[in-house]
Amino acid sequence: MLTLDRLALRRGPRLLIEDAALTIYAGYRTGVTGANGSGKSSLFSLVLGEIHADAGDLRLPEGLTIAHVAQETPSTDRPAIEYVIDGDNELRRIQYDLECAETDGDGHRQAELHAWLDAIDGYAARSRAAKLMHGLGFTPEQDEVPLRTLSGGWRMRLNLAQALMCRSDLLLLDEPTNHLDLDAVIWLETWLTAYPGTLLLISHDRDFLDRVTDHILHIEQQRATLYTGNYSDFETQRAARLATQHAAWEKQQREVRHMQQFVERFRAKATKARQAQSRLKALERMELIAPAHVDSPFHFSFCAPERLASPLCRMEDVSAGYNTTPVLKGLHLNIAPGQRIGLLGHNGAGKSTLIKLLAREIEPLAGRRTDARDLRIGYFAQHQLDQLDASASPLLHLHRLDPKASEQALLNFLGGFGFPGERAGEPVAPFSGGEKARLVLALLVYQRPGLLLLDEPTNHLDLEMRLSLTVALQDFEGAVVLVSHDRHLLRTVTDELLLVNGGQVRPFDGDLDDYPRWLAEERRRIASRGETPEQRPGNGAVRRGRRREEAERRRQLAPLRRETRRLEAALECLSEANNRIERRLADPKIYEDAAKPELVELLESRARLAMELAQAEAQWLSASEALEEAQGE
């Protein structure tokens with residue numbers, strides 16, 4: 001299917017892959033792993049023909065249909081479901097030819113094309129597209145919404161649905177779970193296990209890789225090595241090679257012992273028996289995987305909170321929501337030091353609302369909330385990445401929190417989060433999403449919170465940073481409330497699960513392995529009543545009230561949508577101006593002596609545009625996230 005023959009790949013002056021020789025056969029489900037910047041996405045670009053090898057060959061069969069997730073979505077009035085159907089190129093070609101045959105009155109050609117449509121199950125294409133959309137979290141009401149009304153996160157889901165719609169031989173997926181909640185991740189996992197083609201998957205979600213892949217292509221130190229088995233098998237094989245590094249092994253064993261101490265806290269508690277068994281299984285797995293990560297660049301821990309009272313936070317008959325519309329009702333919750341709470345529930349059920357309530361970003365609509373004296377809350381959410389000062393460095397961000405700390409102490413602290421030396425002094429503006437997420441976590445850790453609220457903290461983090469976060473949380477003395485689609489993080493960090501569903505928050509009767517079954521039963525129950533997950537039975541007054549709320553919600557979202565469209569238009573103008581400069585700089589004549597003044601002006605304009613583009617992109621991302629967040633709740 002795909003053969004690398006002594007292949008070398010560079011991006012600019014940097015060598016990513018050297019002398020790679022391997023074959024990925026048809027039907028392989030291959031996870032592509034490696035540190036950020038190791039060349040995973042560049043390998044995808046090579047497969048797609050967007051770049052070329054610097055040495056050696058990449059061989060693919062002729063006529064191969066390759067599907068991948070588009071990075072951009074047109075901002076048009078085209079219905080979302082039609083955009084998804086566009087992923088089936090063969091279907092669209094047949095439909096176009098059929099229209100031409102009908103215009104020409106060619107009955108014989110029409111019969112041939114109808115037979116072809118039937119052969120590829122083209123008449124069920126719309127139903128297939130709807131199933132993909134609904135599996136990824138769209139409601140039936142969203143099938144016909146215009147593309148331009150969707151926020152950035154929902155557009156990425158739509159692009160994923162379009163890629164899955166293609167009846168491909170080879171499917172390339174680069175971090176497909178980043179914008180998904182746990183329900184959608186579980187659905188995608190099931191879909192991919194039934195995919196009949198060859199899969200290349202870049203992911204930092206350990207459980208997702210374990211369930212979907214049967215081979216791992218690992219890139220490190222310019223070498224690409226293909227391992228047989230899923231991600232856990234890969235870790236075991238790699239650990240066997242690295243276990244001879246005795247000092248590193250001892251270091252990792254100390255981290256494993258931290259986990260053992262944590263598990264022992266719950267072993268003897270009858271009320272925690274099931275969770276303790278789950279944690280013991282996770283510990284056994286950690287003992288196996290630890291040696292495979294001896295070269296992780298991330299090492300940090302939480303300092304003890306300055307003050308811990310019990311309870312840290314108490315909610316009594318609390319209702320929470322937006323304006324006067326409650327999302328959660330009758331909430332009774334006590335959070336004590338040492339608690340590790342994971343939140344489960346459908347997208348839009350209110351998990352983020354509960355996190356915002358705990359973070360004091362929204363006030364209760366009713367009921368009583370009592371916090372411990374001097375409670376310090378650490379809150380991680382995706383929108384906080386965009387609230388970093390783009391012109392400030394990680395060192396300056398930290399110095400603003402603690403002006404009296406020595407520069408060396410701050411540099412030592414930042415080094416554990418992957419900001420060594422000069423990197424700690426560079427502006428944040430060009431940082432990747434992963435680097436920004438690490439910085440936000442570093443700022444939270446430094447403030448020594450008593451209550452740590454993590455809303456999808458792993459979206460931009462690689463496997464090494466996820467493992468370091470997991471290990472650090474084992475020693476955290478305060479309380480943790482976690483929303484995540486990363487089941488490995490949920491399984492190894494939390495010891496109790498709360499289900500947010502139907503406006504209520506209650507303990508989940510089971511563990512993470514039971515959650516997919518609960519989801520399936522919930523979908524069957526809802527389907528038997530003819531409802532969508534967001535609908536609940538009610539009388540006419542309730543339905544009228546819901547319609548009024550939806551109208552008010554649309555009115556509130558309108559400014560966000562206008563701002564997003566304005567920023568999109570500004571980005572397009574800036575991008576076009578930048579492209580014009582790049583085209584002029586590509587002309588050899590611009591480097592002649594006579595054109596030197598123009599060259600200087602062009603270079604200055606390009607530098608200025610680069611800054612304006614970075615700022616515009618940051619503003620657009622912030623606006624898109626705000627719109628997505630408003631729509632999601």
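**Exercise 1.** Determine whether Arg6 is buried or exposed, and what its relative accessible area is.

Solution. Step 1: Arg6 has a relative accessible area of 54% and is exposed. The classes are buried under 20% relative accessible area, exposed over 50% and partly exposed in between, with a 1.4 Å probe and protein chains only. The model is predicted: local features need pLDDT of at least 70, side-chain atom pairs count only at pLDDT 80 or more, and totals for chains, interfaces and linings use all residues. Residues are numbered from 1 along each chain as its sequence is written, and side-chain values use heavy atoms, without hydrogens and water.

Step 2: Arg6 is in strand 1. Helices (H or I, at least four residues) and strands (E, at least two) are DSSP runs numbered from the N terminus. Step 3: the phi of Arg6 is near 50 degrees, a positive value in a residue other than glycine. Most residues other than glycine have a negative phi, and most peptide bonds are trans.

**Exercise 2.** Find where Asn323 lies and what its phi is.

Solution. Step 1: Asn323 belongs to the loop between strand 10 and strand 11. Step 2: its phi is positive, about 55 degrees, although Asn323 is not a glycine. Step 3: Asn323 counts as exposed, at 52% relative accessibility.

**Exercise 3.** State in what order the strands of the sheet that contains strand 1 are arranged, and which helix packs on this sheet.

Solution. Step 1: the order is 2-1-4 in an open sheet of 3 strands with antiparallel pairing; two strands pair if DSSP finds at least two bridges between them. Step 2: strand 2 (14-24) and strand 4 (55-59) are the edge strands, each pairing on one side only. Step 3: from one strand to the next the twist averages 30 degrees. Step 4: strand 1 (residues 2-11) and strand 2 are joined by 7 bridges, and Leu9 stands opposite Ile17 in strand 2. Step 5: helix 1 (residues 40-47) packs on the sheet and touches strand 1, strand 2 and strand 4. Contact means heavy atoms within 4.5 Å. The direction of helix 1 makes about 120 degrees with that of strand 1. Axes are lines fitted to C-alpha atoms, for helices over the stretch in contact, and angles run from 0 to 180 degrees between N-to-C directions.

**Exercise 4.** Work out at what angle helix 7 and helix 18 pack, and which residues meet.

Solution. Step 1: helix 7 (residues 182-193) and helix 18 (residues 515-528) pack at about 95 degrees, with axes 11 Å apart. Step 2: helix 7 is therefore roughly perpendicular to helix 18. Angles under 35 degrees count as roughly parallel, over 145 as roughly antiparallel, 65 to 115 as roughly perpendicular and the rest as oblique. Step 3: Leu182, Asp183 and Ile186 of helix 7 meet Tyr515, Pro516, Leu519 and Arg523 of helix 18. Step 4: the residues of this contact divide into 5 nonpolar, no polar and 2 charged. Here Ala, Val, Leu, Ile, Met, Phe, Trp, Tyr, Cys and Pro count as nonpolar, Asp, Glu, Lys and Arg as charged, and the others, Gly among them, as polar.

**Exercise 5.** Locate the cis peptide bond between Ser310 and Pro311 and give its omega.

Solution. Step 1: omega of the bond joining Ser310 and Pro311 is about 0 degrees. Step 2: Pro311 lies in the loop between helix 11 (273-289) and strand 10.
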